[in-house]
Amino acid sequence: MKHLDQSEYFEQDDFLDILKEYEEARKNGKDIYLETDVLANIAGYYETRDNSLAAIDTIDYAIRLYPGDVYPLVFRARMAILMEDDIVKAKKYLKAIIDKHDIEYYYAVAEVKIAEGHPELASKYLKRKANDIEEDDAESYIIEVATLFADYKELEIAKKWIDTSNNPDDPDYWQVKGQIELGLGNLKESEFIYNSLLDKEPYSTEYWNQLASTQLLNSEFSDCISSSEFSIAINPNDADAILNKSNGLFGLENFEESLKYSKRYIELCPDEYSGYILQGMALNNLGRYEEAIDIFNKALKNCPDYPPAKNEIYEELTNALSLADKLDEAIKIADDCYKNSGSVETILNKGNLYLQHGDMENAREVFERAAKESNNNPETYVRISAALMDNGYVEMAYKILHCMINDDEAQSDKVYVFLAACCKTLGYEDEFKKAVKKAVKKTPNEAKKILKEYFPENMDPKDYYKYLTNTKKDQ
């Protein structure tokens, strides 16, 4: 179901009047008979404000008023998936729907399949159901399906769906297209799309925020901040814009200002862990390690049971502990993370902790284990090289990377970016130039992130090699 959950809608007077009337009636224990889509939007209002209990209570109320109706049951099924991680419960709600030929039912069934880890089956199911869709709804169906897959980061499938659309004049088409290109790392395409959308809707905070996110990923930190400020000017309490600005400031190493905006974000979204991570990282860079440790522990309390997110927090926490000269405590947490997740990333983090304290013997042993457990995955060796570089062991990193480019079984596109950085540090200018040429061809986004300090601000990575050759000729 396409919910009207934009902040602009929720700030309209007529919606706020209905919300007030609803809350007053519920507070007094009275029933209030509103249409199902109105109740769904009230639940959506609570959902966007991280009040999941009120959202669930509202939609359960709607189900009681309208048993078997598709809208509240679909909404409740989605909440069971996204908030409660309970697919069995989601299926129970879908089973209670009377009209199983409703388009919203199709979307919900597909979402359950995706949540179960079967996105291809979901796509096949939706293709079959496309035959039941009226011609007038065909284009919106394609866009909604593409959006569904994009929301679940099934970007290749989402792209296949959106590429079948014949209605590029629809702003929703470009919105999901931008989301897909952004997720696939096609940052220039994504930036172009959001700029085009903003030409038509310059007061859309959603588009400004998406543009800022694209610029952030493209290491265009000043532009990210500018886009965020446009959004904040439209809505001073736009949490996404405030978080983007904090990230942009962090990218420019303005840690004091980044800290200020991350705190502001936490005031707006106290239950969201990402604000705490950014605040802790800023504190680390300001040398306020004990404060950072406390903040990362708060992040853990607010983080859902999602291994990648928790591993990220644990990595930052152990880094803060290490910098605070609490290496033993950091190593213990790293070991516990490995026991719980078994991921190579946790092993690499442990090796980095040893390097921070100059313990090459233990670091080497840990890195050898990481290489073995990853079956000598080239990406693992790149990560090891990056850790060595960060801790001053540049010559050692250079040797590893140099060996990799001469080994057909150890190829990784990222090798040339880190090799270029090593060459620059070591003064190997000719080799630096050659490595840059390959780095910007194979991984331009990574090249910009790692090598941007060696080139003029805002220069496109594809111009890096030309800049080096022209500069050399001028000298």
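**Side-chain contacts**

Modeller: Let's start with a salt bridge: the side chains of R288 and E291 meet, 2.9 Å from N to O. Keep in mind that this is a predicted model.
Colleague: Are R288 and E291 buried or partly exposed?
Modeller: R288 is partly exposed, because its relative accessibility is 27%. E291 has 39%, so it is partly exposed too.
Colleague: Which residues do salt bridges with shared partners join into one network?
Modeller: That network holds D60, R76, E84 and K89. In it, K89 and E84 meet at 3.1 Å, N to O.
Colleague: How many salt bridges turn up in the whole structure?
Modeller: The search finds 22. Another one of them pairs D163 with K177, at 3.3 Å from N to O. That pair links distant parts of the chain, 14 residues apart. D163 is in the loop between helix 10 (155-162) and helix 11 (171-183), while K177 is in helix 11.
Colleague: Why does K177 count as buried?
Modeller: Its relative accessibility is 13%, and buried means under 20%, so K177 qualifies.
Colleague: New topic: how many aromatic pairs are there?
Modeller: The whole structure has 14. Take Y173 and W174: their planes are at 90° and their ring centres 5.0 Å apart, so the pair is edge-to-face.
Colleague: What about F455 and Y464?
Modeller: They are stacked, with 3.9 Å between centres and 5° between planes. Both F455 and Y464 are buried. Ring pairs also link them with F432, Y454 and Y467 in a cluster.
Colleague: Where does the charged end of R26 sit?
Modeller: Over the ring of Y61, 4.2 Å from its centre.

Definitions and conventions
Residues numbered from 1 in each chain as written. Predicted model: local features only at pLDDT ≥ 70, side-chain atom pairs only at ≥ 80, totals over all residues. Heavy atoms only, no water. Phe/Tyr/Trp six-rings, centres within 6.5 Å; stacked < 30°, edge-to-face > 60°. Buried < 20%, exposed > 50% of the residue type's maximum accessible area, 1.4 Å probe, protein only. Lys NZ or Arg CZ within 6 Å of the ring centre and 35° of its normal. Salt bridge = Lys/Arg side-chain N within 4 Å of Asp/Glu carboxyl O. Helix = DSSP H or I, 4+ residues; strand = E, 2+ residues; numbered from the N terminus.
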